[in-house]
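Let's work through this structure in questions and answers. Keep the sequence and the 3D view at hand.

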Amino acid sequence: MALLLSALMGLLQGDEISNLRDVSPTVRKNACSTLAEKRSLVAVRPLIELLARETDATVREAAITALQSLSGEKGYGADAAKWFEWWEKTGQKSVGITSIS
């Protein structure tokens, strides 16, 4: 039962991660919040990628909030380059993920 629940949670988080590329800013913003609430560490890199390309201010703010919540880092703000640097040096090791497919 626990394995089934874990698999289901993974699928749901995958849906939220794919929602980071939705055409609707509202869907993207809500996905950021949901991933942070679920403590979805696999979403850290996709959130950084979203921050790098996002033009909607409310989505960018949601991505920053989610990244800060998931990483514990507060000093990078909207600077995607600094988030990428953190990911390469520290982040992927601290969350136990070396690549996202």
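Q: How are helix 2 and helix 4 oriented to each other, with axes that cross at roughly 10°?
A: This is a predicted model. The axes of helix 2 (residues 25-37) and helix 4 (residues 57-71) come within 9 Å and cross at roughly 10°. Angles under 35 degrees count as roughly parallel. Helix 2 is therefore, relative to helix 4, roughly parallel.

Q: Which residues of helix 4 make the contact with helix 2?
A: Look at helix 2 to begin with. Its side of the contact is Pro 25, Arg 28, Lys 29, Cys 32, Leu 35 and Ala 36. Helix 4 answers with Thr 58, Val 59, Ala 62, Ala 63, Ala 66, Ser 69 and Leu 70.

Q: How many residues of the contact of helix 2 with helix 4 are nonpolar?
A: Sort the contact residues by class. Two are polar and two are charged. The nonpolar ones number nine.

Q: How are helix 3 and helix 4 oriented to each other, given an angle of about 150°?
A: The axes of helix 3 and helix 4 are 9 Å apart, and the helices pack at about 150°. Angles over 145 degrees count as roughly antiparallel. Helix 3 and helix 4 are therefore roughly antiparallel.

Q: What is the handedness of the crossing of helix 3 and helix 4, and how many charged residues does their contact have?
A: Helix 3 passes helix 4 in a left-handed crossing. Helix 3 brings Val 44, Leu 47, Ile 48, Leu 50 and Leu 51 to the contact. Helix 4 brings Val 59, Arg 60, Ala 63, Ile 64, Ala 66, Leu 67 and Leu 70. By class there are eleven nonpolar residues, no polar ones, and charged residues number one.

Q: Is Arg 53 buried or partly exposed?
A: Arg 53 sits in helix 3. Leaving aside neighbours within four places, Arg 53 is in contact with Leu 20 and Arg 21. With a relative accessible area of 34%, Arg 53 is partly exposed.

Methods: Residues numbered from 1 in each chain as written. Predicted model: local features only at pLDDT ≥ 70, side-chain atom pairs only at ≥ 80, totals over all residues. Heavy atoms only, no water. Axes fitted to C-alpha atoms, helices over the stretch in contact; angles between N-to-C directions. Helix = DSSP H or I, 4+ residues; strand = E, 2+ residues; numbered from the N terminus. Parallel < 35°, antiparallel > 145°, perpendicular 65-115°, else oblique. Contact = heavy atoms within 4.5 Å. Nonpolar A, V, L, I, M, F, W, Y, C, P; charged D, E, K, R; others polar. Buried < 20%, exposed > 50% of the residue type's maximum accessible area, 1.4 Å probe, protein only. Left-handed = near helix turned anticlockwise from the far one by under 90°.
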